There are 2 protein chains.
Amino acid sequence: MSETVRTTVCGFGHVGRAFVRLVRHKRADVERRHGISLAVGAVVDLGGAAFREDTDLPLEGLARLSASGRPIESMPDFGRPGARALDVIRDVPADVLVEVTPTNLVDGEPGRSHMIAALDRGIDVVTANKGPLVVSPGELEAHAGGSGARLRISAATAAALPTLDVARLCAAGARILSIEGILNGTTNYILSRMDREGRSYEEALREAQDQGIAEADPSLDVDGLDTRSKLVLIASRLFERTLTLEDVDTVGITGITRAGIDDARRRDRVIKLIGSARLRGDELLLRVAPEALERSHPLAAVDFSEKGISFDTDTMGRITVTGGKSSPTGAAAALLKDIIHTRASALLQNA
Amino acid sequence: MSETVRTTVCGFGHVGRAFVRLVRHKRADVERRHGISLAVGAVVDLGGAAFREDTDLPLEGLARLSASGRPIESMPDFGRPGARALDVIRDVPADVLVEVTPTNLVDGEPGRSHMIAALDRGIDVVTANKGPLVVSPGELEAHAGGSGARLRISAATAAALPTLDVARLCAAGARILSIEGILNGTTNYILSRMDREGRSYEEALREAQDQGIAEADPSLDVDGLDTRSKLVLIASRLFERTLTLEDVDTVGITGITRAGIDDARRRDRVIKLIGSARLRGDELLLRVAPEALERSHPLAAVDFSEKGISFDTDTMGRITVTGGKSSPTGAAAALLKDIIHTRASALLQNA
């Protein structure tokens with residue numbers, strides 16, 4: 001017996017497209033292992049949607065459309081040009097909303113309204129969208145609490161690199177004393193190119209842009225704002241406090257020079273952009289800043305687009321996790337994991 | 001409302017003693033966070049037991065006894081000299097058996113009989129004891145399946161370093177393609193002393209013995225047998241196959257010389273004892289052997305008594321976890337985690 005889990009996918013960019021391909025690829029395996037029968041009931045993006053009242057979306061055709069780059073409303077037999085996300089969330093029955101519209105750090109929209117609409121209807125939400133989570137701390141959680149819907153955010157907190165899960169599941173029962181993380185692949189790529197290949201900051205940034213690793217406007221990454229958002233999401237949950245972006249003392253990497261990198265190297269250190277949270281008594285110190293790590297530090301060897309996070313605990317010592325694919329597929333895999341977690345409590349039960 | 005979870009602790013060596021201290025230390029926190037009220041109903045060791053029909057063991061007194069090193073049957077008001085483990089498991093009501101008697105790789109006893117007695121009565125088992133798990137693959141799982149009791153083995157699979165949990169929970173939905181692990185702290189300590197401090201194998205082994213890191217008879221560690229046991233436990237679960245110790249091609253570190261270490265160093269490599277499992281088509285290749293890792297390998301910087309494991313996956317890329325305290329407290333924390341997991345499915349539910 002398997003439970004059908006019908007998703008509405010909101011956002012058909014790289015991650016949304018990767019998610020529907022992943023559903024097609026993983027459907028049989030997830031059913032066999034976890035008793036979950038995945039379906040995509042609707043996909044909606046800025047220009048419209050695809051859905052039908054009488055049937056789920058065909059995964060073959062959806063995967064083809066995803067790979068083609070064409071907009072979702074052009075899907076034969078299913079396309080609905082002009083359909084709006086809030087209407088789709090209201091009108092198309094779903095068990096889970098997969099919210100993957102772009103992160104907006106000003107007011108969190110449109111993701112904020114999408115997620116609230118779903119949660120208020122008792123529809124679970126999994127999301128890669130940091131915006132509403134950091135702009136209105138606690139707001140989505142309150143809506144989830146109100147209806148009993150579930151909200152999971154792995155894809156917004158470093159995606160295929162597990163962060164919250166390691167601390168809350170793998171270290172259940174231990175107390176987290178501090179966190180240090182390399183949470184942004186773009187800045188780590190730039191710093192690694194400078195350290196490993198003697199590039200200047202400007203050269204390394206340009207290379208990252210040429211390779212599609214950095215945006216044309218790289219400020220969200222290089223000013224430390226992406227790292228800050230992830231840190232706030234992780235730390236607020238692990239330390240059980242309501243935190244805002246303003247709680248984090250934030251410095252990016254734009255001031256890092258070759259001379260600084262070389263100086264660190266001479267001291268057998270390597271400069272990394274570190275997001276950290278440390279308990280000092282009852283106070284929680286939150287910081288994003290370049291730090292010169294000793295080469296023996298467990299994050300020192302995390303290079304190029306890789307990410308990593310290290311937790312110091314009271315009873316398990318220090319636990320560090322690194323890696324996780326930085327790609328739309330990696331983010332989609334984190335969304336899928338969160339869907340599985342909400343349904344498959346048997347995962348915790350046996351050896 | 002909290003659920004009382006009454007444990008019987010079988011084995012009062014370093015790990016059993018650390019566990020009862022941990023219960024006292026963590027009781028309030030586990031109740032607040034997870035709604036689990038932990039109690040110790042009985043402790044039993046070779047010379048006898050401590051329990052009473054009318055009440056749980058007092059955690060203060062138990063912690064004092066634990067720290068003193070005195071045997072469990074000497075506990076005032078509760079001691080039962082000569083009481084036998086199987087009788088205690090049968091007669092003292094319990095929700096969870098914490099089985100931490102020494103690992104026996106010949107016939108798995110006495111842990112095997114203890115765990116079977118508990119599982120057949122529907123008592124959940126958490127254990128640090130690899131013996132019965134690897135000597136009779138699948139046997140304990142069958143007993144658990146028969147009664148619906150739960151069996152969890154984090155403490156037997158590298159303890160405070162999460163291994164199975166990372167693959168099964170943090171990477172749920174991803175397929176594991178291969179595993180590589182530094183699963184034994186003693187051999188890693190010896191190899192690190194040779195690499196970092198120019199010691200010969202014999203010198204490094206002696207230092208490890210002097211520090212209590214290696215046993216007087218170090219063969220279980222240095223011959224790769226401990227690594228092999230952990231590899232079998234991890235790989236059989238992640239690849240869903242019944243595996244035996246004989247399935248693993250095993251070489252230890254006794255043949256490693258300074259010359260070999262130096263040669264690796266010249267090639268910018270470092271020798272580590274690696275337990276690995278790799279899918280080749282349908283075949284699973286299992287191996288324990290010293291390998292010369294490139295310095296950029298995510299396990300290359302795991303030094304001294306630290307452990308680490310790296311999973312290559314289909315959709316999340318490579319995920320590596322390192323650290324975790326190698327100590328009785330670390331093992332006890334893994335046992336506590338497993339108890340929490342069996343009761344707190346809410347852990348998976350929300351952000």
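This is a predicted model: local features need pLDDT of at least 70, side-chain atom pairs count only at pLDDT 80 or more; totals for chains, interfaces and linings use all residues.
Colleague: Which cysteine sulfur is closest to that of B:Cys170?

Modeller: The one in A:Cys170, 3.6 Å away. That is too far for a bond.

Colleague: Is B:Cys170 buried or exposed?

Modeller: Buried, at 0% relative accessibility. Buried means under 20% relative accessible area, exposed over 50%, and partly exposed in between (1.4 Å probe, protein chains only). B:Cys10 is buried as well, at 1%.

Colleague: Switching to the copies. What superposes chain B on chain A?

Modeller: A rotation of 180 degrees, with 0.0 Å of shift along its axis.

Colleague: Which residue of chain B comes closest to the axis?

Modeller: B:Val321, with its C-alpha at 2.1 Å.

Colleague: And why say the copies meet through the same surface?

Modeller: Because 100% of the interface residues of chain B are also interface residues in chain A.

Colleague: Where is B:Thr320?

Modeller: In strand E13 of chain B, residues 318–323. Helices (H or I, at least four residues) and strands (E, at least two) are DSSP runs, numbered from the N terminus. B:Thr320 is buried, at 2% relative accessible area.

Colleague: What does B:Thr320 touch?

Modeller: Across in chain A, A:Thr320, A:Val321 and A:Thr322. In chain B, B:Pro298, B:Leu299, B:Ile309 and B:Ser310. Residues up to four places away in sequence are not counted, and contact means heavy atoms within 4.5 Å.

Colleague: Now pockets. What is the volume of the largest pocket?

Modeller: About 1,600 Å³. On a 1 Å grid over the protein atoms alone, a pocket is an open set of points where a 1.4 Å probe fits, with protein on both sides within 12 Å along at least five of seven lines. Points are joined across faces, edges and corners, and the volume is the space filled by probe spheres set on them.

Colleague: Which lining residues are closest to its centre?

Modeller: A:Val15, A:Thr103, A:Ala128, A:Lys130 and A:Glu215, out of 50 lining residues. Lining means an atom within 4 Å of a point.

Colleague: Which element gives the most to that lining?

Modeller: H11(A), with 4 residues. Other elements of chain A giving two or more include helix H1 (14–34) and strand E2 (36–45).

Colleague: Last one, helix H4 of chain B. How many of its residues are buried?

Modeller: 7 of the 10, so helix H4 (residues 111–120) is largely enclosed by the rest of the structure. Among the buried ones are B:His114, B:Met115 and B:Leu119. Just after H4(B), B:Gly122 takes a positive phi of about 80 degrees.

Terms used. Residues are numbered from 1 along each chain as its sequence is written. Chains are lettered from A and ligands numbered from 1 in the order in which they are written. Side-chain values use heavy atoms; hydrogens and water are left out. Copies are superposed by least squares on the C-alpha atoms of residues with pLDDT of at least 70 in both. A disulfide is a pair of cysteine sulfur atoms within 2.5 Å.
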